[in-house]
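My plan is to look up one thing at a time and write down what I find.

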Amino acid sequence: MTALYLLCVHGYPLDRRMWGPLAARLEADGVCRVVAPDLRGRGTSRRPAAGIHAMSLFADDLAADLPSLVPGDAPFLLCGLSMGGYVSFEFLRRHGARLKIRLRGLVLCDTRATGDDDAGRAKRKEAIEAIRRNGIDAAFEAMAPKLLSPKSKGMPAETLVREMILGIPPATAMADLAGLALRSDAFDVLGSFDRPVLVVCGEDDAITPVADAEAMVATCANAPFVRLFTTPRAGHMAPLENPGDVASAIADLAKRV
Ligand code: MLT
């Protein structure tokens, strides 16, 4: 039987390493193969940062790289965390029809289908200015306290989050923020998706709380299976903070695709 792949898209201001513990569980349990590329401008990506990282640009990068990520005609689940979820929506919007046979389901972790409102866009502008003035430390100070549950204090996730954020080139973080501000609602995409969907949300998620997850679940009218999995001992980074429980939920989804 052809192996099932999980194509994972990381959040802001992070990189592919955030998927490491989840990937280790899923692969050890033989659930699926995990591929987790770095988005442009960071880590192992061969693409330089652009001026603005629109979610559509990231989605097109992902589609262009798909043959090297998920070989041949292998089936895959698309899995995004936060900004990675927004990228997944654009991927579905732009490339979903062409990949309909292979794209077997969706895993949305700590994300939301709403775009930024005016206040949100103003905050992105301030965050860009702060990075311009003070470098990537400004992104670390703004994001680190919000990303993890208080229960993750002193855990390996805390060290990794620090390393990931401080490793992002400032130009990349600024371009991400500019793209995040531009994105639109994605309820239309979710509403027409007709494959199984798993929505994961850390109980202590302070950035995209459970209400955002519930709104996405309520929209999935055409999906044959939809599950909201609210994860204990996790904030905005459920797959990193509680990889065991998230891996079990993905294993359950994989049986249904
Ligand atoms: C993320 O984790 O990717 C960001 O928090 C997304 C956002 O700020 O909307």
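Where is Pro-13 found? I place Pro-13 in the loop between strand S1 (5-9) and helix H1 (20-28). I am working from a predicted model. At this spot I looked up the peptide bond. The bond that joins Tyr-12 and Pro-13 is cis. Its omega is about -10°.

**Entry: the sheet**

Next I looked up the strand order. I find 6 strands in an open sheet, and the order reads S2-S1-S3-S4-S5-S6. The pairing is parallel. Which strands stand at the edges? They are strand S2 (33-35) and S6. Each has a single partner strand, so one side of each is left without a neighbour in the sheet.

**Entry: S3 and S4**

I moved on to strand S3 (residues 76-81). S3 pairs with S4 in the parallel sense, and I count 6 bridges from the record of pairs. Leu-81 has Cys-109 in S4 as its bridge partner. S3, H3 and S4 together make a β-α-β unit, and the unit is right-handed.

Then I checked how covered S4 is. Of the 7 residues of S4, 6 are buried, so the rest of the structure largely encloses this strand.

**Entry: S5**

How many residues of strand S5 (residues 197-202) are buried? I get 6 of 6, and I write the strand down as mostly covered. I then sorted its residues by direction. Val-197, Val-199 and Cys-201 point one way. Leu-198, Val-200 and Gly-202 point the other way, and all of these residues are buried.

I looked up both partners of S5. Strand S4 (residues 103-109) pairs with S5 in the parallel sense over 4 bridges. Leu-106 has Val-197 as its bridge partner in S5. Cys-109 has Val-200 as its bridge partner there. Strand S6 (residues 226-231) also pairs with S5 in the parallel sense, over 6 bridges. Val-200 stands opposite Phe-229 in S6. Gly-202 has Thr-231 in S6 as its bridge partner. Between these two strands the chain crosses from S5 through helix H9 (residues 210-219) to S6. I note this β-α-β crossover as right-handed.

**Entry: two positive phi values**

I looked for backbone angles worth a note. Ser-82 has phi near 50°, a positive value in a residue other than glycine. I find Ser-82 in the loop between S3 and H3. Buried or exposed, what is Ser-82? Its relative accessibility is 8%, so Ser-82 counts as buried.

Arg-233 has phi near 55°, again positive in a residue other than glycine. Arg-233 sits in the loop between S6 and helix H10 (238-241). With a relative accessible area of 48%, Arg-233 is partly exposed. The cut-off for exposed is over 50%.

**Entry: the largest pocket**

The largest pocket holds about 540 Å³. Of the 25 residues that line it, those closest to its centre are Lys-123, Arg-124, Met-143, Lys-146 and Ile-207. Which helices each supply at least two lining residues? I list helix H3 (83-95), helix H4 (118-134), helix H5 (136-147) and helix H7 (170-182). H4 gives the most to this lining, with 8 residues. By type, I divide the lining of the largest pocket into 15 nonpolar, 3 polar and 7 charged residues.

**Entry: the cavity**

I get 1 cavity of 30 Å³ or more. About 60 Å³ of space lies in the largest cavity. Among the residues that line the cavity are Met-55, Tyr-86, Phe-89, Arg-112 and Ser-184. Glu-90, Arg-93 and Arg-183 are also in its lining. H3 gives the largest share of this lining, 4 residues. By type, the lining of the largest cavity divides into 5 nonpolar, 2 polar and 4 charged residues.

Definitions and conventions. Residues are numbered from 1 along each chain as its sequence is written. This is a predicted model: local features need pLDDT of at least 70, side-chain atom pairs count only at pLDDT 80 or more; totals for chains, interfaces and linings use all residues. Side-chain values use heavy atoms; hydrogens and water are left out. Buried means under 20% relative accessible area, exposed over 50%, partly exposed in between (1.4 Å probe, protein chains only). Two strands pair if DSSP finds at least two bridges between them. A crossover is right-handed if, with the strands pointing away from the viewer, the path from the first strand over the helix to the second runs clockwise. On a 1 Å grid over the protein atoms alone, a cavity is a set of points where a 1.4 Å probe fits but cannot get out, and a pocket is an open set with protein on both sides within 12 Å along at least five of seven lines; lining residues have an atom within 4 Å of a point. Grid points are joined across faces, edges and corners, and a volume is the space filled by probe spheres set on the points. Ala, Val, Leu, Ile, Met, Phe, Trp, Tyr, Cys and Pro count as nonpolar, Asp, Glu, Lys and Arg as charged, and the others, Gly among them, as polar.
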